[in-house]
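Welcome! Take a moment to look over the sequence and the model before reading on.

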Amino acid sequence: MANNEEQTYALKDKLKELVNTIVENDDFTVHAADEAITALSILRDMKCSVSFSRKLDRLSVSVPPQFRCPISGHVMTDPVILANGQTYDRPFIQRWLNEIHKTCPQTQNVLSHSILSPNYLVHDMISRWCKEHGIELPMPIGEIDNGEVSEAHKYRLSSLLHKLSLSTLDQKEAASELRLLSKRMPSFRTLFGDSEVIQKLLTPFSPGMACIDPELQEDLITAVLNLSIEEKNKRVFAEDEKLIAFIIDSLKSGTIQTRSNAAAAVLSLSALDINKHIIGKTGAIKYLVDLLENGHPSAMKDAASAIFNLCIAHENKARTVREGAIQVILSKIIMDHVLVDELLALLALLSSHSKAIEALGSHGAVPFLMDILRDDSVSDRSKENCVAILYIIFFNDKTKRKEIRDDEIANGTLSKLAQCGTSRAKRKACGILDRLKIAQSSTLVGLFAVNFK
């Protein structure tokens with residue numbers, strides 16, 4: 001095998017020959033132009049790779065051997081996977097395939113094809129390593145995702161799905177790469193709108209079993225979240241019982257990121273109205289409420305957003321209240337003072353259901369809501385939701401009217417809001433105040449009649 005310097009000279013000679021052909025002949029072929037562009041691209045990438053490695057040498061940084069290209073010996077800036085699964089730096093393996101062989105440089109075995117698939121897993125590992133050492137990794141030309149599914153995408157997916165049926169180590173490597181591919185390549189996501197592909201994706205998972213490796217579970221659920229962004233996948237995913245079971249299991253247990261991403265997957269899938277009804281019937285709401293109550297703060301926000309989205313479908317409000325959401329939300333705001341805006345918005349949405357009104361009354365929501373209205377540090381949005389909830393309670397639960405009237409007499413909370421609140425808050429506050437005046441007038445008339453007698 002020629003050394004890198006000889007390869008560069010040979011490539012330059014070929015480029016010079018191609019350019020001369022193009023410049024001097026009016027009837028040059030498109031193939032010649034394509035070859036010139038390819039040669040120039042390879043030269044550019046080779047130059048970047050060599051310059052980058054020389055920079056590392058000057059810094060005296062010890063580079064992990066798996067980050068080096070087996071052909072050049074330099075750190076890979078654009079790692080790609082060959083047909084036999086081995087990884088090389090794109091410009092050097094492309095040069096090898098174009099000019100020398102159709103075999104693997106290391107094994108010398110004949111390759112079944114010459115398609116090069118980006119190795120995002122290795123690229124991500126190199127990027128993280130560079131970041132840890134304060135080094136900037138050059139941006140490769142690489143593959144541009146133009147929205148079209150290539151044969152390389154299909155081949156790589158098939159290979160990764162096969163690895164998910166092998167050992168745990170193979171599964172973890174495949175899941176990690178699927179996570180990266182589904183995040184970075186929108187076109188790759190379109191390959192998952194098929195139930196057979198979904199079943200292969202979930203090969204490591206068995207419903208009800210807690211033995212799945214935590215890292216593997218996190219990568220798989222994150223891949224599901226990334227894939228759910230694709231509009232065409234949403235309906236197929238929601239209707240797949242095994243996939244929904246996997247999401248629910250990931251809501252129940254796993255790393256913080258696993259549970260958070262499972263909730264985010266529900267949020268993404270429930271963007272379709274039909275999916276709100278489908279997911280609502282699966283029992284997922286119970287585990288979203290559990291996550292809201294006991295989860296890490298970062299997961300709580302995803303859980304609250306997912307519940308909100310699901311409860312746009314009226315039937316899911318009853319399910320959410322039944323799972324104890326009202327008490328959980330009040331506790332999180334009163335005791336923990338977290339996600340106040342988000343949780344009050346969810347509470348306002350739930351309050352339109354009769355069961356929620358009962359729960360609000362039984363858990364002492366009125367004084368708590370009045371306290372929020374008097375708090376100058378609370379946002380206008382939260383005050384709007386507070387008074388909206390009070391409005392619903394006042395007009396639907398007569399037992400709470402006296403409590404609201406007594407607070408108003410003592411503190412003038414609603415009167416202040418009617419003067420200084422937002423237009424929406426003013427309307428709700430004035431609506432309650434108007435009815436309170438009617439109630440007070442009726443009471444005075446009644447008392448006067450009794451005294452007169």
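## How confident is the model?

What pLDDT does the protein chain average? This is a predicted model, and the average pLDDT of the protein chain is 85. A score of at least 70 is reached by 85% of the residues.

One stretch calls for some care. Over residues 438-453, pLDDT stays under 50, and the model has two contacts for this stretch beyond four places in sequence. Where pLDDT is low, the predicted coordinates should not be read in detail.

## A sheet of three strands

Let us turn to the strands. Three of them form an open sheet in the order S2-S1-S3, and their pairing is antiparallel. Strand S2 (87-89) and strand S3 (117-118) stand at the edges. Each of these two has a single partner strand, so one side of each is left without a neighbour in the sheet.

Strand S1, made of residues 79-81, pairs with S3 in the antiparallel sense over two bridges.

## Two left-handed helix pairs

Now for the helices. Helix H11 (residues 241-252) packs with helix H14 (residues 284-294) at an angle of about 20°, and their axes are 9 Å apart. H11 and H14 are therefore roughly parallel to each other, and their crossing is left-handed. On the H11 side, the contact is made by Ile 248, Leu 251 and Lys 252; on the H14 side, by Ala 284, Tyr 287, Leu 288 and Leu 291. Sorted by class, this contact of H11 with H14 has six nonpolar residues, no polar ones and one charged residue.

Helix H10 (residues 231-238) and helix H13 (residues 273-280) cross at roughly 25°, and their axes come within 10 Å. That angle makes H10 roughly parallel to H13. The crossing of H10 and H13 is left-handed. Here Lys 234, Arg 235 and Ala 238 of H10 make the contact with Ile 274, Asn 275 and Ile 278 of H13. By class, the contact of H10 with H13 has three nonpolar, one polar and two charged residues.

## H14 and its contact with H15

Which helix packs with H14 at an angle of about 145°? The partner is helix H15 (residues 297-310), and the axes of H14 and H15 are 8 Å apart. H14 passes H15 in a left-handed crossing.

From H14, the residues Ile 285, Leu 288, Val 289, Leu 291 and Leu 292 take part. They meet Ala 299, Met 300, Ala 303, Ala 304, Ala 306, Ile 307 and Leu 310 in H15. The contact of H14 with H15 divides into 12 nonpolar residues, no polar and no charged ones. Leu 288 and Leu 291 of H14 are also among the residues that make the contact with H11.

Terms used. Residues numbered from 1 in each chain as written. Predicted model: local features only at pLDDT ≥ 70, side-chain atom pairs only at ≥ 80, totals over all residues. Heavy atoms only, no water. pLDDT = per-residue confidence, 0-100. Contact = heavy atoms within 4.5 Å. Pairing = 2+ DSSP bridges. Helix = DSSP H or I, 4+ residues; strand = E, 2+ residues; numbered from the N terminus. Axes fitted to C-alpha atoms, helices over the stretch in contact; angles between N-to-C directions. Parallel < 35°, antiparallel > 145°, perpendicular 65-115°, else oblique. Left-handed = near helix turned anticlockwise from the far one by under 90°. Nonpolar A, V, L, I, M, F, W, Y, C, P; charged D, E, K, R; others polar.
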